[in-house]
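Here are some notes to read beside the model.

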Amino acid sequence: MYTLNEYLSVFVGGDLPGRGWDDGMYCLETDAAKILRTNLMHGFVSCFAFMLVDKGWMTIRYNGRELTLHPNDLYTYSPYLPITVIATSDDFHGYCLMADEHVTIEAPSVHDLVHLAYMPFVQLHEPKQTLTPDAAKHLIMKMREIIGYLHSDHIYKGEVLRMLYSIFLLDLQNAQQSAIVHRQTPHRVEEIFIGFIRLLTCHFVEHHDIPFYADRLHVSTVYLSRIVRQVTGRTVVDYINQMLLMEASFLLQNSKLSITQIADYLHFANTPSFSKFFLRLKGINPKRFRMEK
């Protein structure tokens, strides 16, 4: 996966802030042309992102479904969630705050960035929530303030950005709690699912087995499987395979590792088993996929 810094170097380039920039976070305004360029990344960015639409609309495809965002809609992107921007209105405009998956900016007042990112998905069964106009306006104001400091020469830029980032996350948490009035999923189920996602992003390369995750969460494999299916309609194995497929696709397109080395890195028993896995999920074998990039 691309780190946030690698992604920004390629797709933002000259607009990157200079001295004092902490590359664990970035915030920008975006329009139709910029947002469509994200399709070139094929979802290969190891970051969380919060996209707030303030004008026009855009339609994305995620998890096999289509979703249209309108003004005051907040969309949350999580690592390894493949998305495609299908279309936007000509006047589309929004604000996007991105934080590296292994974010260097500490936000001690918010116990878990993963929780914030997955809350809409768990409670609303889609990574989108519609905010009140006042809440949306407030978050946009905070994002614009972050943008201002990112591009400033303030001698305490890093310290200010950390504070603004923490405030933004607290305000986002408050907006989420206000928007999700009727919780559809019990708190215990929510915590186990988000705990599973947190573990999965750290360990999917080495551990492809359900018992590992169930054991770390102190639940049975049957219970963990039931919770994941209840929240998402998908299985634990689906999630593990999706992350393996995304990482394999990224390495095939963006590294010089041989197919055998990739299979070994992703802890497959051997190269043939990796090739069979890739062909089954991608519909094309690894060698051909690499040649057609």
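1. A definition comes first: a crossing of two helices is right-handed if the near helix is turned clockwise from the far one by less than a right angle, and left-handed if anticlockwise. Keep in mind too that this is a predicted model.

2. Start with helix 6 and helix 7. Helix 6 spans residues 187–203, and helix 7 spans residues 210–217. Their axes come within 10 Å and cross at roughly 125 degrees. Angles of 65 to 115 degrees count as roughly perpendicular and those over 145 as roughly antiparallel, so helix 6 is oblique to helix 7. The crossing of helix 6 with helix 7 is right-handed.

3. Which residues of helix 6 and helix 7 meet? Helix 6 brings Ile192, Gly195, Phe196, Leu199, Leu200 and His203. Helix 7 answers with Phe212, Tyr213, Arg216 and Leu217. By class, the residues of this contact are seven nonpolar, two polar and one charged.

4. Now take helix 6 with helix 9. Their axes lie 11 Å apart, at an angle of about 30 degrees. Angles under 35 degrees count as roughly parallel, and helix 6 and helix 9 are therefore roughly parallel to each other. Their crossing is right-handed.

5. In the contact of helix 6 with helix 9, Phe193, Phe196, Ile197, Leu200 and Thr201 come from helix 6. Val236, Tyr239, Ile240 and Met243 come from helix 9. Eight of these residues are nonpolar, one is polar and none is charged.

6. The largest cavity has a volume of about 110 Å³.

7. What lines the largest cavity? The lining has 14 residues. Ser78, Leu81, Tyr118, Phe121 and Tyr239 lie nearest the centre. Helix 3 (113–124) and helix 9 (236–254) are the elements that give two or more residues to the lining. By class, the lining has nine nonpolar, four polar and one charged residues.

Terms used. Residues are numbered from 1 along each chain as its sequence is written. This is a predicted model: local features need pLDDT of at least 70, side-chain atom pairs count only at pLDDT 80 or more; totals for chains, interfaces and linings use all residues. Side-chain values use heavy atoms; hydrogens and water are left out. On a 1 Å grid over the protein atoms alone, a cavity is a set of points where a 1.4 Å probe fits but cannot get out, and a pocket is an open set with protein on both sides within 12 Å along at least five of seven lines; lining residues have an atom within 4 Å of a point. Grid points are joined across faces, edges and corners, and a volume is the space filled by probe spheres set on the points. Helices (H or I, at least four residues) and strands (E, at least two) are DSSP runs, numbered from the N terminus. Ala, Val, Leu, Ile, Met, Phe, Trp, Tyr, Cys and Pro count as nonpolar, Asp, Glu, Lys and Arg as charged, and the others, Gly among them, as polar. Axes are lines fitted to C-alpha atoms, for helices over the stretch in contact, and angles run from 0 to 180 degrees between N-to-C directions. Contact means heavy atoms within 4.5 Å.
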